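Please open the model in a viewer and keep the selection panel at hand. The stops below are to be taken in order.

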Amino acid sequence: MKAYKKLMSGVATIEKVVISVLLIFVTAITFANVVVRKLSNSQFAWSEEMVINLFVLLIMLGCALSAQEGSLISLSLIYDRLNKTAKKVFVTIISITNLVFWGVLLWTGWEKVASQIDSGKRTSSLGWPEWVFTIFLPIGAVFLILHSIEFFIDNVLGDGLEEKEELPQ
């Protein structure tokens with residue numbers, strides 16, 4: 001369990017670095033596009049496509065980090081009234097539900113990527129294969145699954161409930 005926690009801590013650190021770099025990149029592209037648009041009659045048409053698709057990756061990684069801490073949407077009205085054993089049952093139900101949902105997201109995302117690879121469709125502005133951006137969905141789902149498992153291990157199998165009586169995801 002400690003090895004998994006150490007591995008996931010490293011994964012979370014990498015996710016945070018990726019999120020930071022992407023946010024700086026997206027901000028710079030958007031700022032440059034606004035400046036060019038204000039100073040001339042043109043704009044970077046590709047920037048909108050790039051920014052929107054990178055936001056998908058940002059959101060997925062951000063959600064994964066939230067899942068690690070149990071900070072996703074939860075039912076505190078019920079959870080706060082439970083004893084420790086009932087909280088573990090509740091976290092188990094929530095974890096299983098989340099894992100099923102993330103699994104469906106991974107499966108459907110991967111099917112969409114495979115379909116786009118087969119079709120050879122390209123994006124309108126950049127002319128890149130569409131799957132290059134669509135793959136962010138299954139990648140994010142993998143991180144959501146990993147962090148949901150981590151949350152379950154910490155709070156049901158480990159001593160996470162003793163350390164902090166926080167809200168489950």
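The model is a predicted one.

**Stop 1: helix 1 and helix 6**

Select residues 2-39, which form helix 1, together with residues 136-157, which form helix 6. The axes of these two helices lie 11 Å apart, and the packing angle is about 140°. Angles over 145 degrees would count as roughly antiparallel; helix 1 and helix 6 are therefore oblique to each other. Their crossing is left-handed.

Next, display the side chains at this contact. On helix 1, select Tyr 4, Lys 5, Met 8, Val 11, Ala 12 and Glu 15. On helix 6, select Phe 143, Leu 146, His 147, Ile 149, Glu 150, Ile 153 and Asp 154.

**Stop 2: the nonpolar cores**

Which residues touch the most other members of the largest nonpolar core? Select Leu 54 and Phe 136, which hold that position in a core of 16 residues. Helix 1 and helix 2 (45-69) are the elements that give two or more residues to this core. Helix 2 supplies the largest share, seven residues.

Now centre the view on Phe 136. Beyond its neighbours within four places in sequence, Phe 136 is in contact with Asn 53, Leu 54, Val 56, Leu 57 and Met 60.

**Stop 3: helix 4 and helix 6**

Select residues 84-119, helix 4, and keep helix 6 in view. The two axes come within 8 Å and cross at roughly 165°. Helix 4 is therefore roughly antiparallel to helix 6. This crossing, of helix 4 and helix 6, is left-handed. By class, the contact between helix 4 and helix 6 comprises 17 nonpolar residues, seven polar and one charged.

**Stop 4: Leu 105**

Finally, select Leu 105, which is found in helix 4. Is Leu 105 buried or exposed? Its relative accessible area is 17%, and because the cut-off for burial is under 20%, Leu 105 counts as buried. Leaving out residues up to four places away in sequence, Leu 105 touches Met 60, Leu 137 and Ala 141. To finish, draw a C-alpha to C-alpha distance from Leu 105 to Val 56: the two are 49 residues apart in sequence and 13 Å apart in space.

Methods. Residues numbered from 1 in each chain as written. Predicted model: local features only at pLDDT ≥ 70, side-chain atom pairs only at ≥ 80, totals over all residues. Heavy atoms only, no water. Axes fitted to C-alpha atoms, helices over the stretch in contact; angles between N-to-C directions. Helix = DSSP H or I, 4+ residues; strand = E, 2+ residues; numbered from the N terminus. Parallel < 35°, antiparallel > 145°, perpendicular 65-115°, else oblique. Left-handed = near helix turned anticlockwise from the far one by under 90°. Contact = heavy atoms within 4.5 Å. Core = buried A, V, L, I, M, F, W, Y, C linked by side-chain atoms within 4.5 Å. Buried < 20%, exposed > 50% of the residue type's maximum accessible area, 1.4 Å probe, protein only. Nonpolar A, V, L, I, M, F, W, Y, C, P; charged D, E, K, R; others polar.
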